[in-house]
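This report describes a protein model with a ligand.

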Amino acid sequence: MHAAIRPPAGTCGTGANRTDGRTQTALYTLIRPLLFSLDPERAHDLMLGALRRSYRIPGTAALIRSAYARRTPSLPVRTMGLQLRNPLGLAAGLDKNADCIGPLADFGFGFLELGTVTPRAQPGNPRKRLFRLPAHEAIINRMGFNSVGLAAFIANLTHARRPCPLGINIGKNRETPGQYAVDDYLLGLRAVYPFADYVTVNISSPNTPGLRALQERDTLAILLGALKTEQHILARVHARYVPLAVKIAPDLDDGEIGAIAHLLLEHDMDAVVATNTTVARPHIEETPLSRENGGLSGWPLRFMATHVIRELHRGVAGRIPIIGVGGISDADDAWEKILAGADLLQIYTALIYRGPGVVRDIVTGIRKRMATLGVETFAQARMAHAHHPAAD
Ligand SMILES: Cc1cc2nc3c(=O)[nH]c(=O)nc-3n(C[C@H](O)[C@H](O)[C@H](O)COP(=O)(O)O)c2cc1C
């Protein structure tokens, strides 16, 4: 396991004062101080609750859509057999229970990843378990898979509007011993399969003891083998092939990333999500909150996540789509992930710090860079960059 990858010189300073308001919408600029005056988890619940309730008022959905989704330019991509209106998705963990799909899609995302959902309902870790580090636009969380469980999750999904493709992220219950982890993932896969546009197998949350051990070569080979066999059975039963992705941690050394890349190819996986939060504390050592246990997300994670994407891209040689996530807060960060090998992108923490307008800003910025380079795909952007590194 390596410590933090240092940022390239001159690209980021210390990360202090990241909250410069560049991409905050006027509305979010007003709301944010209020939200940030509250306990972070309470603010999160309040915000999602308010969004859900406001959608019962006729006209609200149209208003949000015209403020965000309609202003997000179209940047169609096709990957994993899915057609997306743009390549930027919501990362897992924000809508854990699939109960805020409509409003989140109306922020302009190209796709949403829901969950993590565990087979049985569980409360997660005791509170307080979510911490903001505003000077670094970062979050530390040790939520520990608080989940309503598969039955309630699917009930929510059944009633939901489906405005964009939905990934569903599955995990294991805390009480399930490691040797039975495969059974939990199989339960999850069977239950969510008919409702998912893709399924992500989360083996990288740092807050469920033993979960990350599933990334080790022999254990991972067994897990992927079992899930792939089940996926093929389910594809026949439902007459629909649902792609299967694996989400990995940023706290892996190059040898471990290479071994995972090899296994992904061997098992014909459909995508890889890189990365989850880190247990390292890059660039925030001086912050007292850095001593809180849990996974760090946001700006300080950016370079570690980009490094994993670059190594994975080398390992899978473009044969498996990479969903790049970790510390993206503007179009420059997004472009860095694309050049490193990402085919799709996700954000979580930037949405908290910059508000929904960040979706439009990132997609607009990517589109501009592609137009400047005269390319239509991210693979072409990488080729153009390799030939003329200064051109973008
Ligand atoms: C509060 C919080 C809860 C999260 N919960 C999950 C989760 O349930 N499953 C998961 O795969 N990732 C989860 N994540 C990780 C995010 O999906 C993402 O991988 C990570 O935050 C890095 O992206 P970011 O820097 O844009 O936030 C969570 C992140 C945060 C901040």
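In the residue classes used here, Ala, Val, Leu, Ile, Met, Phe, Trp, Tyr, Cys and Pro count as nonpolar, Asp, Glu, Lys and Arg count as charged, and the others, Gly among them, count as polar. The model is predicted. By those classes, the lining of the largest cavity divides into three nonpolar residues, four polar and one charged. The lining residues are Glu137, Gly298, Trp299, Gly327, Ile328, Ser329, Thr349 and Ala350. The space in this largest cavity comes to about 30 Å³, and the structure holds one cavity of 30 Å³ or more. Rolling a probe the size of a water molecule over the atoms shows where empty space is left.

The shell around the ligand has 23 residues, of which Ala92, Lys96, Thr116, Gly327 and Thr349 come nearest. Gly327 and Thr349 also belong to the lining of the largest cavity. By class, the shell divides into eight nonpolar residues, 13 polar and two charged. Two strands, β6 (138-141) and β11 (295-298), each supply at least two residues of this shell.

| Residue | Protein atom | Ligand atom | Distance |
|---|---|---|---|
| Asparagine 169 | polar side-chain atom | oxygen | 3.0 Å |
| Threonine 275 | backbone N or O atom | oxygen | 3.0 Å |
| Tyrosine 348 | backbone N or O atom | oxygen | 3.0 Å |

Taken alone, the ligand exposes 610 Å², and the protein buries 98% of that area.

The peptide bond from glycine 115 to threonine 116 is cis, with omega near 10°. Threonine 116 is placed in strand β4, residues 111-117, and is one of the residues that come nearest to the ligand. A cis peptide bond also runs from alanine 274 to threonine 275, where omega is near 15°. Threonine 275 lies in the loop between β10 (271-274) and β11, and one of its backbone N or O atoms is 3.0 Å from a ligand oxygen atom. Glutamate 137, a residue other than glycine, has a positive phi, near 45°.

As for the chain as a whole, its secondary structure comes to 13 helices and 13 strands. The C-alpha trace spans about 55 × 50 × 45 Å along its principal axes. Why is a radius of gyration of 19 Å in agreement with a compact globule? Because a compact globule of 392 residues would have a radius of gyration near 21 Å, the 19 Å of the chain agrees with that expectation.

Terms used
Residues are numbered from 1 along each chain as its sequence is written. This is a predicted model: local features need pLDDT of at least 70, side-chain atom pairs count only at pLDDT 80 or more; totals for chains, interfaces and linings use all residues. Side-chain values use heavy atoms; hydrogens and water are left out. A residue is near a molecule or strand if one of its heavy atoms lies within 4 Å of it. A polar contact is a pair of N or O atoms within 3.5 Å; within protein, one must be able to donate a hydrogen and the other to accept it, and residues adjacent in sequence count only if both atoms are side-chain atoms. Accessible areas come from the Shrake-Rupley method with a 1.4 Å probe; for residues, only the protein chains shown count as cover. Helices (H or I, at least four residues) and strands (E, at least two) are DSSP runs, numbered from the N terminus. On a 1 Å grid over the protein atoms alone, a cavity is a set of points where a 1.4 Å probe fits but cannot get out, and a pocket is an open set with protein on both sides within 12 Å along at least five of seven lines; lining residues have an atom within 4 Å of a point. Grid points are joined across faces, edges and corners, and a volume is the space filled by probe spheres set on the points. The radius of gyration is taken over C-alpha atoms; the globule rule is 2.2 Å times the number of residues to the power 0.38.
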